[in-house]
Amino acid sequence: MLFANSTSLLWLSYYGLSLLVIVAVYFAFVFLPRLPRLVLTWSVAGAIWAPAGFRLPLIEEGEFYTGWAPSAMVAAVGFLENNGSALRGGLMWLVLGMALGALIGVALWWWRRSSNAEYVTQEEEPNDDQPPSRRREPVIG
């Protein structure tokens, strides 16, 4: 159930805002062909949506707070705190999320591609010896 100051509300709002970011990324790459655009957009989506576990020490000796956060944030905090295990875990999930996102982008491109695009043929013009007829104006009534 969603309550004020709840973790589920925080994650729901995070994923809602991330959808806006992903749509903006897709439209930012409009100058690219469809395959690279889908791969880049879904790679960003994988980077945004991949969660990673973390563990923070509390003030009391020997106690820790554990939880889940976006893997990019876990990796960034691990880097800033010189915490190798948090950085390694965050980067691992980040790269895995980006790779999975890129695979989803390729699969979407493969699924939505036109199967008869390779077999486009030119229609031949008729070789009639007759001169083209005059254009007739449309008549109402």
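How close do the axes of helix α2 (residues 34-49) and helix α4 (residues 84-112) come, and at what angle do they cross? The two axes come within 7 Å and cross at roughly 145 degrees. The model is a predicted one, in which local features need pLDDT of at least 70, side-chain atom pairs count only at pLDDT 80 or more, and totals for chains, interfaces and linings use all residues. Residues are numbered from 1 along each chain as its sequence is written, and side-chain values use heavy atoms, with hydrogens and water left out.

**Overall layout**

- The chain has 4 helices and 2 strands, where helices (H or I, at least four residues) and strands (E, at least two) are DSSP runs numbered from the N terminus.
- Along the sequence these elements follow the pattern α-α-β-β-α-α.
- Of the 141 residues of the chain, 20% count as buried; buried means under 20% relative accessible area, exposed over 50%, and partly exposed in between (1.4 Å probe, protein chains only).
- Among the contacts in the chain with a separation of 6 or more, 39% are accounted for by residues 24 or more positions apart, a contact being heavy atoms within 4.5 Å.

**Record annotation**

- In an unreviewed entry, UniProt places the feature "transmembrane region" at residues 12-32, 39-58 and 92-111; the positions are given in the numbering used here, feature names are shortened, and annotations may be inferred rather than shown by experiment.
- In the model, residues 12-32 are 81% helix and 0% strand, with the end C-alpha atoms 31 Å apart.
- Residues 92-111 are 100% helix and 0% strand, and the end C-alpha atoms of this span lie 28 Å apart.

- Two packed helices are described by the angle between their axes and the distance between the axes.
- Axes here are lines fitted to C-alpha atoms, for helices over the stretch in contact, and angles run from 0 to 180 degrees between N-to-C directions.
- The crossing of α2 and α4 is right-handed; a crossing is left-handed if the near helix is turned anticlockwise from the far one by less than a right angle, and right-handed if clockwise.
- On the α2 side the contact is made by R34, L35, L38, V39, W42, S43, G46 and A47, and on the α4 side by L94, G97, M98, G101, A102, I104, G105, V106, L108 and W109.
- By class, this contact of α2 with α4 has 12 nonpolar, 5 polar and 1 charged residues; Ala, Val, Leu, Ile, Met, Phe, Trp, Tyr, Cys and Pro count as nonpolar, Asp, Glu, Lys and Arg as charged, and the others, Gly among them, as polar.

**Helix packing: α1 with α2**

- The axes of helix α1 (residues 7-28) and α2 come within 10 Å and cross at roughly 160 degrees.
- That angle makes α1 roughly antiparallel to α2; angles under 35 degrees count as roughly parallel, over 145 as roughly antiparallel, 65 to 115 as roughly perpendicular and the rest as oblique.
- The crossing of α1 and α2 is right-handed.
- Y14, Y15, S18, L19, V21, I22, V25 and Y26 of α1 make this contact with R34, R37, L38, T41, V44, A45, I48 and W49 of α2.
- The residues of the α1 and α2 contact divide into 12 nonpolar, 2 polar and 2 charged.
- V23, found in helix α1, is partly exposed with a relative accessible area of 44%.

**Helix packing: α3 with α4**

- The axes of α3 and α4 come within 7 Å and cross at roughly 150 degrees, which makes α3 roughly antiparallel to α4.
- The crossing of α3 and α4 is left-handed.
- The contact is made by S71, A72, V74, A75, G78 and F79 of α3 and A86, L87, G90, L91, W93 and L94 of α4.
- By class, the contact of α3 with α4 has 9 nonpolar, 3 polar and no charged residues.
- A86 of helix α4 counts as partly exposed at 21% relative accessibility.
- Beyond four places in sequence, A86 is in contact with V74, A75 and G78, and its C-alpha atom is 6.4 Å from that of V74, 12 residues apart in sequence.

**Two buried residues**

- S71 is in helix α3 (residues 71-80) and counts as buried at 0% relative accessibility.
- Not counting residues up to four places away in sequence, S71 touches A47, A50, P51, A52, G90, W93 and L94.
- A52 lies in strand β1 (residues 51-57) and is buried, with a relative accessible area of 0%.
- Leaving aside neighbours within four places in sequence, A52 is in contact with G67, W68, A69, S71, V74, G90 and W93.
- The C-alpha atoms of A52 and L94, 42 residues apart along the chain, are separated by 8.1 Å.
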